[in-house]
Amino acid sequence: QVQLVESGGGLVQAGGSLRLSCAASENISRYIRMGWYRQSPGKQRELVALIASGADTNYADSVKGRFTISGDNAKNTAFLQMKSLKPEDTAVYYCHARRVGLMGVTYDYWGQGTQVTVSS
């Protein structure tokens, strides 16, 4: 059973920084992409950042220039560096990974989430 374990969330003042980690129980090079999503109360889960196996990245407009996604294959861990945090960044952040298996079947994995709270 693949596990993704997030860590690094917490309470921070506006303008501050946090780095989230997503530790996978297997080699992350197996994934065609990894990403971070977030969900705040009453809202749908939204994409924050993606990194593909070729290291291409994609960001939500609301976090461009402030957040950076990266991966460390040696540590089987993905990261989300968050800077210049705003109160509207407050949410539960979830790590996601996608793998393609035989016959093109896709497998999606999610972490349990980590709370990020930004105070004004």
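Buried means under 20% relative accessible area, exposed means over 50%, and partly exposed lies in between, using a 1.4 Å probe and protein chains only. The model is predicted: local features need pLDDT of at least 70, side-chain atom pairs count only at pLDDT 80 or more, and totals for chains, interfaces and linings use all residues. Residues are numbered from 1 along each chain as its sequence is written, and side-chain values use heavy atoms, with hydrogens and water left out.

**View 1. The disulfide between Cys22 and Cys95.**
The structure holds one disulfide, defined as a pair of cysteine sulfur atoms within 2.5 Å. Here Cys22 is joined to Cys95, S to S 2.0 Å. Cys22 lies in strand 3 (residues 18-24) and Cys95 in strand 9 (residues 91-100), so the bond ties together parts that are 73 residues apart in sequence. Strands (E, at least two residues) and helices (H or I, at least four) are DSSP runs, numbered from the N terminus. The S-S torsion is about -80°, so the disulfide is left-handed. Cys22 is buried because its relative accessible area is 0%. Cys95 is buried too, with a relative accessible area of 0%.

**View 2. The largest nonpolar core.**
A nonpolar core is a set of buried Ala, Val, Leu, Ile, Met, Phe, Trp, Tyr and Cys residues joined through side-chain atoms within 4.5 Å. The largest one has 30 residues. Those with the most contacts inside it are Leu4, Tyr31, Met34, Trp36, Leu80, Met82 and Tyr93. Two or more residues come from each of strand 3, strand 4, strand 5, strand 7 (67-72), strand 8 (77-82), strand 9 and strand 11 (114-119). In soluble globular proteins, nonpolar side chains tend to be buried together.

**View 3. The surroundings of Tyr93.**
Contact means heavy atoms within 4.5 Å. With neighbours within four places in sequence left aside, Tyr93 is in contact with Glu6, Leu20, Trp36, Tyr37, Arg38 and Val48, among others. Its list of contacts also includes Phe67, Leu80, Met82, Gly113, Thr114 and Val116.

**View 4. The salt bridge between Arg66 and Asp89.**
A salt bridge is a side-chain nitrogen of Lys or Arg within 4 Å of a carboxyl oxygen of Asp or Glu. The structure holds six. In this view Arg66 pairs with Asp89, the closest N and O atoms being 2.8 Å apart. Arg66 lies in the loop between strand 6 (57-59) and strand 7, and Asp89 in the loop between strand 8 and strand 9, so the pair ties together parts that are 23 residues apart in sequence. Arg66 is buried, with a relative accessible area of 11%. Asp89 counts as buried at 1% relative accessibility. A network of salt bridges links Arg38, Glu46, Arg66 and Asp89.

**View 5. The salt bridge between Asp108 and Arg98.**
The closest N and O atoms of Asp108 and Arg98 are 2.7 Å apart. Asp108 lies in strand 10 and Arg98 in strand 9, so this bridge ties together parts that are 10 residues apart in sequence. Asp108 is partly exposed, with a relative accessible area of 35%. Arg98 counts as partly exposed at 24% relative accessibility.

**View 6. The salt bridge between Arg30 and Glu26.**
Arg30 pairs with Glu26, and the closest N and O atoms are 2.7 Å apart. Arg30 is partly exposed, with a relative accessible area of 45%. Glu26 counts as buried at 13% relative accessibility.

**View 7. A nonpolar patch on the surface.**
Patches are made of residues with over 30% relative accessible area and no salt bridge; nonpolar side chains (Val, Leu, Ile, Met, Phe, Trp, Tyr) are joined within 5 Å, like charges within 9 Å. Leu102, Met103, Val105 and Tyr107 form this one, with about 490 Å² of accessible area together. Areas come from the Shrake-Rupley method with a 1.4 Å probe; for residues, only the protein chains shown count as cover. Tyr107 lies in strand 10 (residues 106-110). At 34% relative accessibility, Tyr107 counts as partly exposed.

**View 8. Ser40 and its contacts.**
Ser40 sits in the loop between strand 4 (33-39) and strand 5 (46-52). Ser40 is buried, with a relative accessible area of 18%. Residues up to four places away in sequence aside, Ser40 touches Thr90 and Ala91.
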